[in-house]
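We will go stop by stop, selecting as we go.

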Amino acid sequence: MSDHKHASPPAIVKRLNRATGHLRSIVTMIEEERTCVDIAQQLDAVEKAIASAKRALINDHVDHCLSHAEEEGGAARAIEDFKAISKYL
């Protein structure tokens, strides 16, 4: 596919940076022997941040890449691309 301008990458990067911060926090918490509940709460925050980034990326792909399929190979290419990314839903 050709180069398209995507709207969501800054938002995706922000979500992933948030997850990175949470992961650093978790390592520190483990080293400081914090409670399992506190650590589990931070792990949950990481999972949510990553899931949010993945959802934004897939939505961006559908909105920007698949919508240009007619210009770049037609419906067959769009279906192929959607099948490839749908395994990550």
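**The whole chain**

Start at the N terminus and follow the cartoon: the elements run α-α-α. That makes 3 helices and 0 strands. Keep in mind that this is a predicted model.

Now show the surface. The chain exposes about 6,400 Å², and carbon and sulfur atoms supply 57% of that area. Of the 89 residues, 27% count as buried. Take contacts between residues at least 6 apart in sequence: 66% of them join residues at least 24 apart.

**Helix α1**

Select residues 9-31. This is α1, with 23 residues. From first C-alpha to last, α1 reaches 33 Å, close to the 33 Å expected at 1.5 Å a residue.

Which residues of α1 are buried? Show the side chains of Ile12, Ala19, His22, Ile26 and Met29. An α-helix has 3.6 residues a turn, so residues three or four places apart point the same way.

**The core**

Select Ala19, Ile26, Met29, Ile39, Val46 and Ala49. These 6 residues form the largest nonpolar core. Both α1 and α2 supply at least two residues of this core.

Zoom in on Val46. Beyond its neighbours within four places in sequence, Val46 is in contact with Ala19, His22, Leu23 and Ile26.

**Last stop**

Glu33 takes a positive phi of about 55 degrees.

Conventions
Residues numbered from 1 in each chain as written. Predicted model: local features only at pLDDT ≥ 70, side-chain atom pairs only at ≥ 80, totals over all residues. Heavy atoms only, no water. Helix = DSSP H or I, 4+ residues; strand = E, 2+ residues; numbered from the N terminus. Expected span 1.5 Å × (residues − 1). Buried < 20%, exposed > 50% of the residue type's maximum accessible area, 1.4 Å probe, protein only. Core = buried A, V, L, I, M, F, W, Y, C linked by side-chain atoms within 4.5 Å. Contact = heavy atoms within 4.5 Å. Areas by Shrake-Rupley, 256 points an atom, 1.4 Å probe, with all protein chains shown as cover.
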